[in-house]
Amino acid sequence: MTYVYKVEPRTRKKFIGIFSINTWIILINIICFILFTILIYTNANFIDYIAIKPSNIMNGDYIWTFFTSMFMHAGFFHLTLNMFSLLFLGGLVEKLLGGKRYFMIYLISGLFAGSRKF
C-alpha cells in the first residue's frame, strides 16, 4: 500500500492581511493624528491643507480636505475615545459586513460627515 502525501505550498501572508481592516483604520488614524499634530505645531497655516473650511471648498481650493478631515481629531482624548469605540464596534461591524464593505462604508460615512459642514 502506498501513501500519497499532499504538500501544501507555503504561502506568504500579504502585508495588508496581517491586521484586520478595522485595525488598519485605527493605525492610520493614530499615525495621521501624530503627523498632523506635528505639522500644525510647526506651521499653524498647515491646517488649511487638512481640515475642511467651507470658504476654501467654495473657492475650489483644497478639495482633498474632504478625505483628510476624516483623520483629524480634536486632541488626544477625542482620538482615544473614538479609537476605543472603533476597536470594539468597528470589529463587530467588520465581521458582519466583511472587510471591503466595512472599509467602503467607513470612507463614505466620513465623506458625508465632512460635507455636512456646508
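These are my notebook entries on one protein chain, read from a predicted model.

**Entry 1: overall make-up**

I started with the secondary structure. The protein chain has six helices and zero strands. From the N terminus on, I read the elements as α-α-α-α-α-α. Next I looked up burial. Of the 118 residues in the protein chain, 26% are buried.

**Entry 2: the nonpolar core**

Which residues have the most contacts inside the largest nonpolar core? I found Ile 25, Phe 36, Phe 71, Met 83, Leu 86 and Tyr 106. The core has 14 residues. Two or more of its residues come from each of α1 (21–42), α5 (76–97) and α6 (99–115). I noted that α1 gives the most, with five residues.

I then followed Met 83. Leaving out residues up to four places away in sequence, Met 83 touches Ile 26, Asn 29, Ile 30 and His 73.

**Entry 3: aromatic residues**

I looked for ring pairs next. The structure holds five aromatic pairs. I wrote down two of them.

Tyr 62 and Trp 64 pair edge-to-face, 5.5 Å centre to centre, with 80 degrees between the planes. Tyr 62 has a relative accessible area of 22%, so I list Tyr 62 as partly exposed. Trp 64 is also partly exposed, because its relative accessible area is 47%.

Phe 67 and Phe 71 pair edge-to-face as well, at 5.4 Å centre to centre and 70 degrees between the planes.

Phe 46, Tyr 49, Tyr 62 and Trp 64 form one aromatic cluster. This takes in both rings of the Tyr 62 and Trp 64 pair.

**Entry 4: α5 against α6**

The axes of α5 and α6 come within 7 Å and cross at roughly 125 degrees. That angle is why α5 counts as oblique to α6. The crossing is right-handed.

Which residues meet across α5 and α6? From α5 I listed Leu 86, Gly 90, Val 93, Glu 94 and Leu 97. From α6 I listed Gly 99, Arg 101, Tyr 102, Ile 105 and Tyr 106.

Ile 50 is in helix α2 (residues 47–50). Its relative accessibility is 3%, so Ile 50 counts as buried. What does Ile 50 touch, not counting residues up to four places away in sequence? I found Phe 36, Ile 40, Thr 65, Thr 68, Ser 69 and Met 72.

Ile 34 sits in helix α1. Ile 34 counts as partly exposed, because its relative accessibility is 47%. From Ile 34 to Met 72 I noted 38 residues in sequence and 9.8 Å in space, C-alpha to C-alpha. Met 72 is also one of the residues that Ile 50 touches.

Key. Residues numbered from 1 in each chain as written. Predicted model: local features only at pLDDT ≥ 70, side-chain atom pairs only at ≥ 80, totals over all residues. Heavy atoms only, no water. Core = buried A, V, L, I, M, F, W, Y, C linked by side-chain atoms within 4.5 Å. Buried < 20%, exposed > 50% of the residue type's maximum accessible area, 1.4 Å probe, protein only. Helix = DSSP H or I, 4+ residues; strand = E, 2+ residues; numbered from the N terminus. Contact = heavy atoms within 4.5 Å. Phe/Tyr/Trp six-rings, centres within 6.5 Å; stacked < 30°, edge-to-face > 60°. Axes fitted to C-alpha atoms, helices over the stretch in contact; angles between N-to-C directions. Parallel < 35°, antiparallel > 145°, perpendicular 65-115°, else oblique. Left-handed = near helix turned anticlockwise from the far one by under 90°.
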